[in-house]
Amino acid sequence: ACVMRFLHPQWLYWLALAPVLLLWLIWVLKKSDDKLKNFSNQKLWKNIIPEYSQVQRKKKIFVLTLAYVFLILALARPQWGKKEQTVQVKGMDILFVFDLSNSMETEDVVPNRLKKAKHAIRSMVESLRGDRMGLISFAGGAYPSCPLTTDADYFLETMDIQSPRLFTHQGTDIGLALEVAVQAMSRGAEDLSGNQNTAGPVSKLIVLVTDGEDLEEAALDGAKKVKESGIGLFVIGIGSEKGGPVPVRDQEGILRGYKKDRSGQPVVSKLNPDVLKKIAEAASGRYWTLSESESEVDEIISEMRSLQRNDRGERKWIT
């Protein structure tokens with residue numbers, strides 16, 4: 001026979017307040033009626049306030065009390081099941097390092113670098129549901145936007161709101177971003193059960209998505225730290241070598257012009273694949289330039305799927 005249990009039974013103690021709530025609502029109703037009686041004769045109520053109904057007000061009290069009871073029961077998480085089943089969880093950790101410098105809004109690719117990058121990341125995440133995904137956003141600084149999680153929908157919602165306007169300090173510090181990624185990967189290395197005792201090493205991968213405008217030396221140092229940590233590195237270049245002017249937008253995202261150098265000439269942002277290839281090579285990783293068709297995404301997903309996925313813990317389900 002099915003047995004009902006509560007996942008959070010501590011909430012059930014709050015049901016003791018249901019009678020108190022009911023008595024308080026009845027008292028409020030009585031006080032309201034007493035005021036009306038002092039104001040006019042009860043026989044005149046139908047003429048003065050035709051919409052007034054004691055029956056409806058009593059029903060409202062009953063519904064409110066019932067709603068409170070159901071709310072407490074919902075918070076207690078009632079569950080039905082015949083047996084508890086243990087499921088072994090396998091997967092890997094993928095941390096996307098996402099460039100949010102102003103140059104990512106350059107429109108040398110359609111519709112622009114930023115939107116193209118988001119579309120490519122979304123395709124990868126949708127194809128790899130079950131693995132843990134995390135997000136590091138960077139420009140002149142870097143910070144974790146989304147911790148490693150198996151909740152792909154939450155990851156995608158977080159990614160969608162990422163914008164260069166989240167950074168007051170602009171630039172493209174790839175070296176710093178990779179260091180922050182290594183630290184974030186280390187902090188999130190525990191398995192799903194919250195301990196370090198996994199059946200084997202969980203594959204870890206950092207995916208750098210950028211247009212590559214950075215000081216090469218600092219970026220190479222970051223890539224070497226990725227390699228030393230035993231983490232894989234994929235680098236995806238966004239943009240064209242021909243480049244385009246860098247848009248200048250206000251906090252509302254409205255175009256106000258284009259970035260200019262000291263001589264007043266428009267600044268042209270160009271993809272630098274040579275630097276990005278060196279970054280990937282420094283970490284013994286792989287590099288791709290994202291084309292208009294984004295055909296490289298399928299190859300990247302295939303490479304990700306070929307990486308080892310190990311037991312990272314157990315989850316228990318009532319079935």
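The accessible areas come from the Shrake-Rupley method with a 1.4 Å probe, and for residues only the protein chains shown count as cover. The model is predicted, so local features need pLDDT of at least 70 and side-chain atom pairs count only at pLDDT 80 or more, while totals for chains, interfaces and linings use all residues. Residues are numbered from 1 along each chain as its sequence is written, and side-chain values use heavy atoms, with hydrogens and water left out.

In this structure, Trp11, Tyr13, Trp14, Leu17, Val20, Leu71 and Leu75 make a nonpolar surface patch of about 730 Å². One of these residues, Trp14, is placed in the loop between strand S1 (3-6) and helix H1 (18-39); helices (H or I, at least four residues) and strands (E, at least two) are DSSP runs, numbered from the N terminus. Trp14 counts as partly exposed because its relative accessibility is 45%, where buried means under 20% relative accessible area, exposed over 50%, and partly exposed in between (1.4 Å probe, protein chains only). Another tryptophan, Trp80, lies in strand S2 (residues 78-81), and Trp80 is exposed because its relative accessible area is 54%.

Charged side chains come next. Side chains of opposite charge can pair when their charged atoms come close. The whole structure holds 14 salt bridges, each being a side-chain nitrogen of Lys or Arg within 4 Å of a carboxyl oxygen of Asp or Glu. In one of them, the closest N and O atoms of Arg132 and Asp93 are 3.0 Å apart. This pair links distant parts of the chain, with Arg132 in strand S5 (residues 132-138) and Asp93 in strand S4 (residues 93-99), 39 residues apart. Both Arg132 and Asp93 are buried.

A further salt bridge joins Arg286 to Glu303, with 3.2 Å between the closest N and O atoms. Arg286 belongs to strand S13 (residues 286-289) and Glu303 to helix H9 (residues 296-306), so the pair ties together parts that are 17 residues apart in sequence. Arg286 is partly exposed because its relative accessibility is 31%, and Glu303 is partly exposed at 27%. Elsewhere, salt bridges that share partners join Arg122, Glu126, Arg129, Asp153 and Asp160 into one network. Within this group, the side chains of Glu126 and Arg129 meet at 2.9 Å, N to O.

The backbone also deserves attention. Helix H8 (residues 273-282) has as its buried residues Pro273, Val275, Leu276, Ile279, Ala280 and Ala282. Just after H8, Ser284 takes a positive phi of about 55 degrees; Ser284 is placed in the loop between H8 and S13 and counts as exposed because its relative accessibility is 53%. Glu294 likewise has a positive phi, near 60 degrees, and its place is in the loop between S13 and H9. Glu294 is buried, however, because its relative accessible area is 13%. The peptide bond from Val110 to Pro111 is cis, with omega near -5 degrees.

Definitions and conventions:
Patches are made of residues with over 30% relative accessible area and no salt bridge: like charges are joined within 9 Å, nonpolar side chains (Val, Leu, Ile, Met, Phe, Trp, Tyr) within 5 Å.
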